Amino acid sequence: MASPSSAAFHDARGLRIAFDQARRSYEEGGIPIGSVLLDESGRQLGAGHNERVQKASPTLHAEIAALEDAGRLSGDVYKHCTLYTTLSPCSMCTGAALLYGIPRVVIGENANFTGDEDLLRSRGVEVIVANETRCIELMARFIKEKPELWNEDIGESV
C-alpha cells in the first residue's frame with residue numbers, strides 16, 4: 001500500500017491529469033470533465049474526457065473514456081487502482097467503478113454536481129473530494145455558457 005505522502009503525490013498528479021483532460025474537452029467544445037485511472041504505483045493506465053458532444057455518444061463520460069483508454073484489464077488490476085475525476089461521478093460512472101471493484105475515487109469537485117458518492121461509500125469505496133478551485137470554476141463557467149448541454153449530460157430537461 002502507498003504511504004500517505006506518496007498517496008498525496010499521486011492524488012495531486014491524478015487530479016492534474018484529469019483537469020488537463022477536462023480542459024481539453026472544453027477546448028473541443030465538449031463538456032469539461034476529465035478522468036484518469038492510476039495504479040497503486042502511480043502508473044497511468046488510462047485517461048479520457050467527456051466526449052458525448054464530440055462523438056455524439058450517449059455514454060462517453062470522462063470516467064468511461066478513461067476506462068476505455070485503459071483497455072481490457074484483469075479484475076485484479078482494478079482492485080489496486082484509484083479513479084480520478086474532475087467532477088463527482090454520475091450513476092453510470094459510479095456503476096462502472098463499482099462493477100470493476102475500484103477501491104478509491106478522488107473527485108476534483110462536487111459543488112456544481114454531486115453524483116452517487118454516498119453509494120460509493122456505502123459499498124466500501126474510499127471517496128475523497130478535493131474541492132479544487134480550478135475544477136469548480138471551469139465547470140461553473142461551462143454550465144453558465146451552455147446550460148442545455150449540461151442538462152443533456154446529466155439527463156435533465158431544459
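D20 and R23 form a salt bridge, with their closest N and O atoms 2.7 Å apart. A salt bridge here is a side-chain nitrogen of Lys or Arg within 4 Å of a carboxyl oxygen of Asp or Glu. Both D20 and R23 sit in helix α1, residues 4–27. They are three residues apart, about one turn of the helix. An α-helix has 3.6 residues a turn, so residues three or four places apart point the same way.

The model is predicted: local features need pLDDT of at least 70, side-chain atom pairs count only at pLDDT 80 or more, and totals for chains, interfaces and linings use all residues. Residues are numbered from 1 along each chain as its sequence is written, and side-chain values use heavy atoms, leaving out hydrogens and water.

How accessible is the D20 and R23 pair? D20 is partly exposed, with a relative accessible area of 36%. R23 is partly exposed too, at 35%. Buried means under 20% relative accessible area, exposed means over 50%, and partly exposed lies in between, for a 1.4 Å probe and protein chains only.

The structure holds eleven salt bridges. Another one joins R24 to E28, with the closest N and O atoms 3.2 Å apart. R24 is partly exposed at 43%, and E28 is partly exposed at 37%. The side chains of D39 and R43 also meet in a salt bridge, at 3.1 Å from N to O. D11, R104 and E126 are linked in a network of salt bridges.

Now turn to the sheet. It is open, with five strands in the order β2-β1-β3-β4-β5 and mixed pairing. Two strands pair if DSSP finds at least two bridges between them. The edges are β2 (44–49) and β5 (126–129). Each has a single partner strand, so one side of each is left without a neighbour in the sheet. On average, neighbouring strands are turned by 15 degrees against each other, direction ignored. For such angles, axes are lines fitted to C-alpha atoms, for helices over the stretch in contact; angles run from 0 to 180 degrees between N-to-C directions.

Look at one pair within the sheet. Strand β1 (residues 34–39) runs antiparallel to β2, and five bridges join them. G34 has H49 in β2 as its bridge partner. The loop between β1 and β2 holds E40. E40 is partly exposed, with a relative accessible area of 43%. E40 and I102 are 62 residues apart in sequence, yet 11 Å apart in space, C-alpha to C-alpha.

What lies across these strands? Helix α2 (residues 62–70) lies across β1, β2 and β3 (81–85). It runs at about 140 degrees to β2. In α2, the residues A62, E63, A65, A66, L67 and A70 are buried. Their cover includes β1, β2, α3 (75–78), β3 and α4 (91–99). Contact means heavy atoms within 4.5 Å. After α2 comes G71, whose phi is positive, near 80 degrees.

Follow the chain on to the loop between β3 and α4, the place of T86. T86 counts as buried, at 4% relative accessibility. Which residues does T86 touch, leaving aside those up to four places away in sequence? They are A18, F19, A22, P32, I33, G34, G108, E109 and C135. G34 on this list is also the bridge partner of H49 in β2.

Last come the cysteines. A disulfide is a covalent bond between the sulfur atoms of two cysteines. The cut-off used here is a pair of cysteine sulfur atoms within 2.5 Å. A search of the whole structure finds zero disulfides. C93 is in no disulfide either; its nearest cysteine sulfur, that of C90, is 3.8 Å away. C81 is buried, at 2% relative accessibility. C93 is also buried, with a relative accessible area of 2%.

Notes:
Helices (H or I, at least four residues) and strands (E, at least two) are DSSP runs, numbered from the N terminus.
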